[in-house]
Amino acid sequence: MGFGNVLVIGSSGIGKTTLIKAVLGPDMRIAPATSSKGGQRLEIYESLSVPFRIIDAHDMGGSFLARQLSIRAVKNWSKDNALDGDVDNDINVIWFCVEGKSRKLIRQQLADLSRATDVWRSVPVIVVITKSYAATEREENIALVREQFARTRRRAENLKAVIPVVADTYQLDETTFVAPEGIPELIAATNEAMPEGVRAAGEDIASFSLKRRRAVARSIVAASATAGVAVGAVPLPFSDALILTPIESALVNALATLYGIGKGSTAKKLMGTILEVGTVSTAARAAISALKAVPGVNVGASVLNAAIAGSIVAAIGEGTMRVFERIYVGDKSIDDLDWARELVESRLSKELVAQGTKIVGKLSGVSAGADPLKAVVALISEAIASKQ
Ligand SMILES: Nc1nc2c(ncn2[C@@H]2O[C@H](COP(=O)(O)OP(=O)(O)OP(=O)(O)O)[C@@H](O)[C@H]2O)c(=O)[nH]1
Ligand SMILES: [Mg+2]
């Protein structure tokens, strides 16, 4: 859990494999074999340094038949596992790879890709403009893609980012090279879209039980905590939880949609109350101070901050999930704000400090040379997955 899946599609030769290699880096490997019922094998890649897996849907731009087979393989792979409440095989984010300067070409590619991925109707999309060697054309191409995306069958709010990319150094002539471009932005945009992608993938499977809903919720929480770790690691003074506001707000919104909490004014009040606890409450501040003061910790400040940030997001997510679940099953009313505040606060002051102390403690034992942020993400995901 905590690993979302990205589907990469685009015509043959457009640069999908080159892109995947650039994103996953030197420790890229094939994920443990997964084949669908039809016996077709999917190529799923992962690496230790990136918190999502990538599926290379090659053949996508080949013949009509090849494209159908390729899409069916991915669909079956998702479906076979959904029935047992396994959410690890959903498609959470799709990268549409396009190339070319002509308006007509881009329109055609976007229309094809949109049609090919109809089954993942509500899943977030990032358009990657591959081989963007000419820096001067990047802005224009972004505008073109945005304009043409609006004409496809996908909802405009599905489009999360348009990113021009140079995946590998390109030699223009004997003396001129174009350096790699856009890869960190693509990774960041994907991480950001992941919580919503987890929710959307769940929604795309028509109906599911409370158990599956909880599994989806935990994946949303894990994806958000991962985003929190990334934010916490940035070397800024991390004195309060306010820098986590955008992540927590995306998290609470995704969970609200999952549990059908609605968008009315009462729902907004409830969400506002929860976000207040997570960012400006005394409980949040006290939790941060407690975690910063765990004795005997031997990790750098940015790793410590990353662990605290991830743990806070995880605790808010767990508390929110419990609030929404009780409302969802009809035990509690949506306007019971005091009850909701107390529940989330108690998770921050008890569970968070207990859990966070454990995580921070374990970090001191991480071997030198290992990526400490990766270790933080793994420890937090493990803690989320182990909850009842
Ligand atoms: N220098 C450079 N070459 C690139 C880049 N992207 C793609 N290429 C080249 O374009 C060609 C096709 O790229 P691939 O990554 O194999 O394309 P693909 O989409 O995986 O193609 P299929 O597997 O056939 O669907 C290769 O020769 C790549 O080296 C890039 O960013 N920089
Ligand atoms: Mg390829």
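**Stop one: the sheet**

Colour by secondary structure and look for 7 strands forming an open sheet of mixed pairing, in the order β2-β3-β4-β1-β5-β6-β7. At its edges stand β2 (29-30) and β7, each with a single partner strand, so one side of each is left without a neighbour in the sheet. Strands pair here if DSSP finds at least two bridges between them. Helices (H or I, at least four residues) and strands (E, at least two) are DSSP runs, numbered from the N terminus.

Before moving on, note that this is a predicted model: local features need pLDDT of at least 70, side-chain atom pairs count only at pLDDT 80 or more, and totals for chains, interfaces and linings use all residues. Residues are numbered from 1 along each chain as its sequence is written, while chains are lettered from A and ligands numbered from 1 in the order in which they are written.

Select β2 with strand β3 (residues 44-47): they run antiparallel, joined by 2 bridges. Ile 30 has Tyr 45 of β3 as its bridge partner.

Strand β6 (residues 125-129) pairs with strand β7 (residues 159-164) in the parallel sense, over 5 bridges. Pick Ile 129 and you will find its bridge partner, Pro 164, in β7.

Show helix α1 (residues 16-24). α1 lies across β1 (4-9), β3, β4 (50-56), β5 (93-98) and β6, at about 165° to β4. Contact means C-beta atoms, placed from the backbone, within 7 Å. Angles run from 0 to 180 degrees between N-to-C directions, and axes are lines fitted to C-alpha atoms, for helices over the stretch in contact.

Which helix gives the most to the shell around ligand 1? It is α1, with 3 residues. Of the 15 residues around ligand 1, Gly 15, Lys 16, Thr 17, Thr 18 and Ala 167 come nearest; a residue is near if its C-beta atom, placed from the backbone, lies within 6 Å.

**Stop four: a helix pair**

Finally, select helix α9 (residues 282-292) and helix α10 (residues 301-328), which pack at about 140° with axes 10 Å apart. The contact involves Ala 284, Ala 287, Ile 288, Leu 291 and Lys 292 of α9, and Leu 304, Ile 308 and Ile 312 of α10.

Notes:
Two residues are in contact if their C-beta atoms, placed from the backbone, lie within 7 Å.
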